[in-house]
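The sequence and the structure are shown first.

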Amino acid sequence: MLLAYVLLFCGFVLAPLVVVVGASFEPRELLRFPPQGLSLRWYRAALQSDQFVEAAWNSFLVALMATLGAALLGVPAAYGLVRNRIRGRETVIGLLNSPLLVPELVMGLALLQIIALLLLEPSILTLTLGHILVCVPYVVRTMHAAIQGIDASVEEAAASLGAGRLQLYRTVVLPMVRPALYVSLLFAFLMSFDNAVLSLFLVSARMQTLPISVYNYVQYSLDPAIAAVSTMLMAVSVLALFLASRLLPMERLGR
């Protein structure tokens with residue numbers, strides 16, 4: 001019974017993905033499943049489309065900057081919350097994780113109002129700041145768990161042997177949390193690259209990300225190019241997670 005339930009659940013989760021991948025190989029200008037043939041026509045069309053290529057480049061740049069910003073904010077915050085006894089620590093942790101609880105629709109509307117009050121125009125900078133807000137919780141939660149697994153006496157021993165604060169971080173703490181750091185950066189990058197709801201409020205007419213470009217394309221056309229783009233996005237995400245699981249096994253995070 002358990003095996004039947006697991007198979008049924010996996011089928012329910014994977015069925016939409018199978019439909020999207022299958023529809024991407026449809027040779028005609030009709031989004032349907034099962035496809036009436038096998039063709040790479042729409043993959044070539046997507047890769048040769050200036051609209052999709054430019055949007056993908058914008059998504060990559062925003063995700064890269066958002067990941068860097070989330071790391072610069074989230075890693076020190078996680079370390080400070082573990083190693084320092086501050087008043088209201090649980091409250092601070094809750095605030096840092098709040099973007100996971102608040103709907104992105106609400107956050108997007110709030111950020112749009114803030115941008116309007118500051119008399120700013122939507123740009124790649126405002127979009128990056130919004131994505132940092134979404135990515136920080138993933139960095140904080142992952143690094144917080146990893147740093148908790150480090151015995152504080154190791155850092156104390158290094159300090160007693162003359163290691164300075166920066167040397168302590170670089171030679172002791174960083175090597176021990178490196179797997180968790182890579183995993184947190186990977187999650188942050190994927191969350192930013194695939195973000196659509198928050199980006200919908202912060203993009204400008206001159207600069208669009210790939211999810212927003214796909215959303216706009218669907219409003220006017222339903223050819224299999226959309227399925228091809230979606231399949232390539234899924235392939236990138238699956239490949240990234242596979243490489244992370246091979247190079248940085250999750251069981252190492254607990255060591």
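## Overall make-up

Among the contacts in the protein chain between residues at least 6 apart in sequence, 71% join residues at least 24 apart. The structure shown is a predicted model, and the values below are computed from its atoms.

The protein chain has 11 helices and zero strands, and its pattern, read along the sequence, is accordingly written α-α-α-α-α-α-α-α-α-α-α. Taken along the principal axes, the C-alpha atoms fill a box of roughly 70 × 55 × 35 Å. Of the 255 residues in the protein chain, 38% are buried, while the chain exposes about 15,400 Å², of which carbon and sulfur atoms supply 69%.

In soluble globular proteins, nonpolar side chains tend to be buried together. In this model the largest nonpolar core has 18 residues, and the members that touch the most other members are Ala70, Cys135, Val136, Val139, Met143, Ile147 and Val177. Three helices, namely H3 (50-83), H6 (124-148) and H8 (165-193), each supply at least two residues of this core, and H6 gives the most to it, with eight residues.

A second, separate core comprises 14 residues, among them Ala46, Phe52, Tyr217 and Ala225.

Thr67 lies in helix H3 and, because its relative accessible area is 8%, below the 20% limit, Thr67 counts as buried. When neighbours within four places in sequence are left aside, Thr67 is in contact with Leu185, Ala188 and Phe189.

Phe189 and His131 are 58 residues apart in sequence, and their C-alpha atoms are 9.6 Å apart in space. Arg178 is also located in helix H8, and Arg178 counts as partly exposed because its relative accessibility is 32%. The C-alpha atoms of Arg178 and Leu118, which are 60 residues apart along the chain, are separated by 38 Å.

## Aromatic pairs

The count of aromatic pairs comes to six. In one of them, the rings of Phe25 and Tyr43 have their centres 5.4 Å apart and their planes at 45°, so the pair is tilted. Phe25 lies in the loop between H1 and helix H2 (41-47), whereas Tyr43 lies in helix H2, so the pair ties together parts that are 18 residues apart in sequence. The two partners fall into separate accessibility classes: Phe25 is partly exposed, with a relative accessible area of 25%, while Tyr43, at 13% relative accessibility, counts as buried.

Phe60 and Phe189 form another pair, with ring centres 5.9 Å apart and planes at 70°, so this pair is edge-to-face. The pair links distant parts of the chain, with Phe60 in helix H3 and Phe189 in helix H8, 129 residues apart. Phe60 counts as partly exposed, at 33% relative accessibility. Both residues also belong to one aromatic cluster, which is formed by Trp57, Phe60, Phe189 and Phe193.

Which residues make the nonpolar surface patch of about 1,100 Å²? The patch is made by Leu2, Tyr5, Val6, Phe9, Phe12, Val13, Leu14, Leu17, Val18, Val19 and Phe33.

Val6, one of the residues of this patch, is placed in helix H1, which covers residues 2-23. Val6 counts as partly exposed because its relative accessibility is 38%, a value that lies over the 30% cut-off for patch residues.

Methods: Residues numbered from 1 in each chain as written. Predicted model: local features only at pLDDT ≥ 70, side-chain atom pairs only at ≥ 80, totals over all residues. Heavy atoms only, no water. Patch = residues over 30% accessible without salt bridge, like charges linked within 9 Å, V, L, I, M, F, W, Y side chains within 5 Å. Areas by Shrake-Rupley, 256 points an atom, 1.4 Å probe, with all protein chains shown as cover. Salt bridge = Lys/Arg side-chain N within 4 Å of Asp/Glu carboxyl O. Helix = DSSP H or I, 4+ residues; strand = E, 2+ residues; numbered from the N terminus. Buried < 20%, exposed > 50% of the residue type's maximum accessible area, 1.4 Å probe, protein only. Core = buried A, V, L, I, M, F, W, Y, C linked by side-chain atoms within 4.5 Å. Contact = heavy atoms within 4.5 Å. Phe/Tyr/Trp six-rings, centres within 6.5 Å; stacked < 30°, edge-to-face > 60°.
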